[in-house]
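Subject: Structure handover

Hello,

Here is the structure I said I would pass on. My notes on what was found in it follow below.

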Amino acid sequence: MILFYTTKIDTIAIQIYCDTDSIQRDTVEGLIEFLQIYFNSYIATERYSVGAVDKVEHKLYCNNRTVFTIQTGFSHGVFYIKIIFAGLSTYDPIVDQTSIKHLWVVMGYINTFKLPYNLAELDIAIDIPHVDFNQLLAFCSSHTAGTQYHALGEAQLYDGETYYIEMFANEYGMYIAIKRAYVYDKRIKEFREHNYDIGYEVQRFEVKLQSKYFNRYGLDINHIQETLNKYHLLYFDSPVDKQYIIDRYNSYAKVTQREIGRMGLEQYRLYPDMEYINTFLYHLQTITLDDLNSPYAAV
């Protein structure tokens, strides 16, 4: 049987930089006004407090989900606007279509007016439908100094639903990391968090490239490929084969690239579609308002 799987871009965050608070305010107002006119959509303004600091966020909702959030802030002498699309691949077709259309229009606006920006988060996923969670195994095959990792096959908090690769002391450590990865049951997650049933099993392996990653490396497709290559995602028809690989991997005090090469993992390994990722990121950087009638939304 030939296993079918697809590469997805899920969460993406864009951070725009402004010289002054007035430019920051005018940029947010201009973008929101443009989106409201273009889509005839309602973008909610929500105010809340974090300690003594008042915060304002602008959000678009669809099917009781947040399509995107616009946040503003000030850090290291720079005013910024952060636009977060928290899920382009939810398997709710209405939400996904709304999200991707708004993403391309936002990027068309940013690129047309040459607003300075950087990525602040990019989630790259491999989705494998119609397989069981326990048929997958994922690990980082090129460890980063100072990072701790879970042992292969160890029981975790959401055993049978989610397997985290990196090990963090707390949530703060998780969210300031350069990158992190995990495997999870997408169908269970969608039903639990949004009461939405995809209708069939989907397992997702996801690598989250976070703000520090892009601050350090920029948007370099070659480096993104090198980063993704540091992870092995394996699919097994046989639980005996999977347990054999787990036992052999865990038998080494330190697993080197030479030993990984001897384990015969290529027959089980699934790879991300780098052409898809490269095309997506190319469109992200080049689309303008003049291109909005082109087929970018199909990417």
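This is a predicted model: local features need pLDDT of at least 70, side-chain atom pairs count only at pLDDT 80 or more; totals for chains, interfaces and linings use all residues.

One of its contacts is with helix 9 (residues 274-286): the two axes are 7 Å apart and meet at an angle of about 45 degrees. That angle makes helix 2 oblique to helix 9. On the helix 2 side the contact involves I100, L103, W104, M107 and N111, and on the helix 9 side F280, H283, L284, Q285 and T286. By class, the contact has 6 nonpolar and 4 polar residues, and no charged ones.

Next, the strands. Strand 4 (residues 65-75) and strand 5 (residues 78-85) run antiparallel and are joined by 7 bridges. One of the pairs is T72 with I81 in strand 5. The hairpin they form has 2 residues between the strands, and H76 there takes a positive phi near 55 degrees.

There is also an open sheet of 3 strands, in the order 7-13-14, with antiparallel pairing. Strand 7 (136-140) and strand 14 (269-270) are the edge strands, each pairing on one side only. Between strand 7 and strand 13 (residues 231-235) there are 5 bridges, and L136 has Y235 in strand 13 as its bridge partner. Helix 7 (residues 239-250) packs on this sheet, where it touches strand 7 and strand 13, and its direction makes about 20 degrees with that of strand 7.

Last, some backbone angles. Most residues other than glycine have a negative phi. N63, which is not a glycine, has a positive phi of about 50 degrees. N63 sits in the loop between strand 3 (53-62) and strand 4, and is partly exposed, with a relative accessible area of 43%. Y91 also has a positive phi, near 75 degrees. Y91 belongs to the loop between strand 5 and helix 2 and is buried, at a relative accessible area of 19%. Just after helix 2, K114 takes a positive phi of about 50 degrees.

Regards

How values were computed:
Residues are numbered from 1 along each chain as its sequence is written. Side-chain values use heavy atoms; hydrogens and water are left out. Helices (H or I, at least four residues) and strands (E, at least two) are DSSP runs, numbered from the N terminus. Axes are lines fitted to C-alpha atoms, for helices over the stretch in contact, and angles run from 0 to 180 degrees between N-to-C directions. Angles under 35 degrees count as roughly parallel, over 145 as roughly antiparallel, 65 to 115 as roughly perpendicular and the rest as oblique. Contact means heavy atoms within 4.5 Å. Ala, Val, Leu, Ile, Met, Phe, Trp, Tyr, Cys and Pro count as nonpolar, Asp, Glu, Lys and Arg as charged, and the others, Gly among them, as polar. Two strands pair if DSSP finds at least two bridges between them. Buried means under 20% relative accessible area, exposed over 50%, partly exposed in between (1.4 Å probe, protein chains only).
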